[in-house]
Amino acid sequence: MASNKKLLVLPGDGIGPEVMREVRRIIDWFDRRRAVRFELDEALVGGAAIDALGTPIAPETVAKAKAADAVLFGSVGGPKWDKLGFDMRPEIAILTLRKELGLFANLRPAQVLDPLADASTLKPEVVRGLDLMIVRESTGGIYFGEPRGIDTLPDGTKRGYNTEVYTTAEIERVARVAFEFARKRQNRVCSVEKANVMESGLLWRQTVTDLHARAFADVDLSHMYADNCAMQLVRNPRQFDVIVTTNLFGDLLSDLASMLTGSLGMLPSATIGAVGPDGKRHALYEPIHGSAPDIAGKGIANPMAQILSFAMLLRYSFGMEDEAKLVERACTNVLGSGLRTADIMQPGLARVSTQVMGDAVVRELDKIGG
Ligand code: NAD
């Protein structure tokens, strides 16, 4: 039977292949126990592709990503490739995919699983039950705006500058994603900018407000200045459901939000594009952590962020809410049973390897998902 779930797996470098191995076992579990067939393909990216193919991402891999229903990405990079020119850096793989697939909205959930409420640097009573999603515009704004540069002034000193620029269309398409996702969650969106001091922020606020009135009046919309949002995320993060914001503010706020949850090794993300004429939406799922060269090859990486990225993929690319919840519940239960990889280790609990953690998730799936 042909599968309508075409999945491209790109493990990458460092701990990427180690944590991806555990996801492959979960995919196999679905194949065996739930008769959910994924048509899998795998390719090299990043340093691994540079070594084998002389390029961070081959054109055939980009073509495969375009043809796939979803891409599951590991992580790329490492000291071995740090000295290469910018065009040959492993990170070009992810930048190329974002550009070629038109992935403009970066979704970062910050969710505190109950057994890890003590792992946050904030008090457990502030973060327990936290479940927010930051939707960050990821292809526009000040990181890409022109003019940009460093000029030498007549007196020999220098002047560096970048431009924050957004069009109505860029704001609308990312706000639309935020509203649509809010409808699947608690139906609340907080739009974040600095409309008090930036014209681009003013346009952002007006555009989001107009779109809301036109197409999403059923969603509860609020606005907040970015500096206040940073403060509110630490003061009372549970007040938020979906936050939508610019590339720059999203970069800062999503890192802040991720640390509310305790560890990099726990956090998944998605980057998605617009719905095409064929009804398909390109999407790439990846943990927020990098290739962790300091622990690569030791078998101690936490596979949870990669596994939870797969759960996001099930939910958002394939509408498989029950299966996504099953995977998330299996991860929560395994942590609840006291197993910990080194990065989330707590006194009195059992420290285990990447593979033992993966084993435990698969066993838990057997138990709760029959
Ligand atoms: P990193 O996220 O790889 O590591 C930061 C720290 O967190 C390290 O101490 C690492 O051991 C730890 N860590 C990360 N993931 C973990 C996991 N799953 N389990 C346990 N511990 C984990 O960030 P870095 O050290 O700044 O970057 C290393 C390399 O990764 C660089 O080459 C960087 O460019 C690349 N990178 C790639 C991506 C990507 O592929 N999207 C993202 C970030 C960094």
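## Close-up views of a predicted model

**View 1. Strand β3 sits under cover.** Let's start with strand β3, residues 70-75: this strand is mostly covered, with six of its six residues buried. Keep in mind while looking around that this is a predicted model. Which strands pair with β3? Strand β1 (residues 6-12) is joined to β3 by five bridges, and the two run parallel. To spot that pairing, find Gly12, whose bridge partner in β3 is Ser75. Strand β12 (residues 281-287) also runs parallel to β3, with two bridges joining them. Here, look for Val71, whose bridge partner in β12 is Leu284.

**View 2. Helix α4 packs against β3 and other elements.** Now for helix α4, residues 92-100, where the buried residues are Ile92, Ala93, Ile94 and Leu97. What do these buried residues pack against? Their neighbours are β1, α3 (59-67), β3 and β12. After α4 comes Gly102, and its phi is positive, near 65°.

View 3. Strand β4 covers residues 105-111, and six of its seven residues are buried, so to speak mostly covered. How do β4 and β5 pair, parallel or antiparallel? They pair in the antiparallel sense, over seven bridges. Two places to check this are Ala105, which stands opposite Glu137 in β5, and Arg108, which stands opposite Ile134 in β5. Strand β11 (residues 268-275) pairs with β4 in the antiparallel sense too, over three bridges. Find Leu107 and you can follow that link to its bridge partner in β11, Ala270.

**View 4. Strand β5 carries on to β10.** Strand β5 spans residues 131-137 and is mostly covered, with six of its seven residues buried. Four bridges join β5 to β10, and these two strands run parallel. That contrasts with β4 and β5, which pair in the antiparallel sense. Ile134 is a handy landmark here: this residue stands opposite Ile243 in β10, and Arg108 of the previous view stands opposite Ile134.

**View 5. Helix α9 has a buried face.** Take a look at helix α9, which runs over residues 247-260. Which residues of α9 are buried? They are Asn247, Phe249, Gly250, Leu253, Ser254, Ala257, Ser258 and Leu260. Seen down the axis of α9, these buried residues fall within an arc of 150°, so they line one face of the helix. What covers the buried residues of α9? The cover includes β4 (105-111), α5 (124-127), β5 (131-137), β8 (188-193), α8 (226-235) and β10 (242-245). Following α9 is Gly262, whose phi is positive, near 110°.

**View 6. Gln346 is a buried loop residue.** Gln346 is found in the loop between β13 (339-340) and β14 (350-351). Is Gln346 buried or exposed? At 15% relative accessibility, Gln346 counts as buried, because the cut-off for buried is under 20%. Leaving aside residues up to four places away in sequence, Gln346 touches Pro115, Leu116, Asp118, Ala119 and Arg340.

**View 7. Phe38 is another buried loop residue.** Find Phe38 in the loop between α1 (16-34) and β2 (39-42). Its relative accessible area is 11%, so Phe38 is buried. How many residues apart along the chain are Phe38 and Ser337? The answer is 299, and their C-alpha atoms are separated by 30 Å.

**View 8. Stepping back to the whole chain.** The protein chain has 12 helices and 14 strands. Its C-alpha trace spans about 65 × 50 × 45 Å along the principal axes. With 370 residues, a compact globule would have a radius of gyration near 21 Å, and the chain has 21 Å, which agrees. Of the 370 residues, 51% count as buried. Among contacts between residues at least 6 apart in sequence, 74% join residues at least 24 apart. The accessible surface comes to about 16200 Å², and carbon and sulfur atoms account for 53% of that.

Note on methods:
Residues numbered from 1 in each chain as written. Predicted model: local features only at pLDDT ≥ 70, side-chain atom pairs only at ≥ 80, totals over all residues. Heavy atoms only, no water. Expected span 1.5 Å × (residues − 1). Buried < 20%, exposed > 50% of the residue type's maximum accessible area, 1.4 Å probe, protein only. Arc of directions from axis to C-beta. Contact = heavy atoms within 4.5 Å. Rg over C-alpha atoms; globule rule 2.2 N^0.38 Å. Areas by Shrake-Rupley, 256 points an atom, 1.4 Å probe, with all protein chains shown as cover. Pairing = 2+ DSSP bridges.
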